[in-house]
Amino acid sequence: MNTLIRAAATAAALATMTAACTSSSQTPPPKASLGSVRLVSYSSCDDLLSGLRERAARNVTAYGFGGVMPFAAMEDSARSVTPNAKANTPEHSTTNVHEAGVDEPDMVKTDGNRVITVTDGTLRVIDTATRKITASLKLTDDDRPGAPADLLVSGDRALVLMRGGDIMYKTAFAPPSDTRYILVDLADKPKVLSTIRPQGSYVDARMVGSTVRIVTRSQPDLTFPQPEEGMSEERLRAANEAAVRRAPAETWLPKIEITDASGAVKKSTVPCERVSHPADYTGTSMLTVHTLDLAQGVTSAGTDPISLAADGDIVYGTGDSLYVVSNPRWWMPLPRPVDDTPAAPAEEPTPEEPAVTESAQPKAPPEETEIHRFGIDKPGAPSYIASGKVKGRLLNQYSLSDYEGHLRVATTLTSEDGRSSSSTVHVLKADTLARTGEVGGLGRGERIYSVRFIGPVGYVVTFKQVDPLYTLDLRDPAAPKVTGELKITGYSAYLHPASEGRLIGIGQEASEKGRTLGPQISLFDVSDPASPRRLSQFFQKESGSTAEWDPHAFLYWPKTGLSVIPLFQNETSGALVLKIEEAGVSKLGMIKHPAPKGQYQPGIQRSMIIGDGIWTISYEGVQVNDATSLSEQAWVPFR
């Protein structure tokens, strides 16, 4: 049987880590006094080790860190000023992001003069005037399709974020991580300036100005003893707990490897004094926030990392704050791995180690969402601000909104037997994440399908058989309230602000019994919060759209009311082009990419407006269509 986690690092790397535990030129991030909610920096490596050992030992299972299998849930367009924009740069759309001025990673970016995209491990630059690929750079080492990747661009610098194995749990089935953050110079011929390989998996990133904050999640780099034939789960867990209690500090401290343009490699570890922890934590995971100014590149401080002994899988950013949120997992027991190799005896605890107790299969944790806030209003490493908890589960980053000193959080709480549920909007003080107010009882027996906060107003959609769209008045943080409700069939999985008093919803139409029938795009009149109503709906049966769960796939151009969403059907795929006006939604047509010989129509992933053209992107290439007639103007193949 393979080891559950990668084996220990080399002796040289361990020496580097040990030095990091005792001294560092980096200063620890500032502490914050938060009243009842506090984040605490470890006072020393001994303090860190004892705390992490104890917490991790409590949470280790017969199968390592994560003895249950989590199910992964699927998950206003702002314009940005591009640093190298030219005087004659054509008008263009940008990535559909949650907060204005906070860019989010995506597979394609444009500054109006160039389209930069990364697919199958290759970065390509397309000139928008000639509509030709002017440069490309392969970022993978072989001919296999590249790992999924996103990018951020500032001026002539691009940061490619390549996803490795997603470390949501650590078992024999966890894939190896090959997470890489690659800084590329786009001037003239693209070239790699630096490659950053962090320990763990890429969670998400946000960019304000040219400064990127990247969140990485890691788990202890620990090899558990192999089980003996016929060992009970209780004995397996006891052996794993003993291994945890013997592990050195380096097991938890996140490691980073940076390769510069010359090929020189620098290895480092986050020092103990730059690791903090909330009052309640498991010791089984670590969040690390890396800082990289694309304009300056990787400096002597590297990525200036700080770490928090916590977990996280959702990132939400504003101009001065970065929130990392950890959702509760949906758990089920894992099957016991089959071991065909000779088993080594499990090591027994030494006399000085605490005695371990046998326990049954761990129970699912309470359905609570942990929220961690970092301050990013100053250059350099973020500062820890606060941690807090709310009951229930978040849908995605749009369930969060930082507004006028308060954080609004929308969650669904399901009973332990799974037979009942309801949703709540919690209002927390942003500086402490302590509770200010809440409004609950939304969608009893249902769960949240979409959320949108727009200033002092909130919109929440819940669904089981019908779709209540709730409008909420959030002007008084201590007393938020529901002001209106609209019940219709189907649901909206993504909500987008349109003109004043109008809201666009993208989701699924459904029968009166709740059976989904196909994508629908609705236009709501929300000018009267007490009486929201649907003005128009476009319904496309027997198809689907990624825009339902990926807002980056949705394009809305307010100037003309043009909207484009990916659409896939049985044997054909393309992009649906709509016109969304003050009182209605109408179809203009479909855009399709050429099908490779003998293959299906390629699925369109993204769309953009550049000048008078609609640019659509698939894994096969880029197509340009006239924004008025939809006639094809150019095809730029990738292969």
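Trainee: In which strand is the place of F524?

Mentor: Helices (H or I, at least four residues) and strands (E, at least two) are DSSP runs, numbered from the N terminus. F524 lies in strand β31, residues 516–525. The model is a predicted one: local features need pLDDT of at least 70, side-chain atom pairs count only at pLDDT 80 or more, and totals for chains, interfaces and linings use all residues. Residues are numbered from 1 along each chain as its sequence is written, and side-chain values use heavy atoms, with hydrogens and water left out.

Trainee: Is F524 buried or exposed?

Mentor: Buried means under 20% relative accessible area, exposed over 50%, partly exposed in between, with a 1.4 Å probe and protein chains only. F524 has a relative accessible area of 1%, so it counts as buried.

Trainee: Which residues does F524 touch?

Mentor: Contact means heavy atoms within 4.5 Å. Not counting residues up to four places away in sequence, F524 touches L469, L486, I488, S492, G501, R502, L503, G505, R533, R534 and L535. A separate value concerns Q537, 13 residues from F524 along the chain: their C-alpha atoms are separated by 9.0 Å.

Trainee: How many residues has the largest nonpolar core?

Mentor: In soluble globular proteins, nonpolar side chains tend to be buried together. A nonpolar core is a set of buried Ala, Val, Leu, Ile, Met, Phe, Trp, Tyr and Cys residues joined through side-chain atoms within 4.5 Å. The largest one here has 39 residues, and L159 and V244 have the most contacts inside it. Helix α2 (residues 45–59) gives the largest share of this core, 6 residues. Apart from it lies another core, of 17 residues, including I504, I521, F554 and L578.

Trainee: What is V244 in contact with?

Mentor: Leaving aside neighbours within four places in sequence, V244 is in contact with R53, A56, A57, V60, F65, L222, F224 and W252.

Trainee: In what order do the 4 strands of the open sheet stand?

Mentor: Strands of a sheet pair through backbone hydrogen bonds, either parallel or antiparallel. Two strands pair if DSSP finds at least two bridges between them. In this open sheet the order is β2-β3-β4-β5, with antiparallel pairing. β2 (108–110) and β5 (132–138) are the edge strands, each pairing on one side only. Inside the sheet, β3 (residues 114–119) and β4 (residues 122–127) pair over 6 bridges, and T119 stands opposite T122 in β4.

Trainee: How many helices and strands has the protein chain?

Mentor: The protein chain has 3 helices and 40 strands. Of its 639 residues, 56% count as buried.
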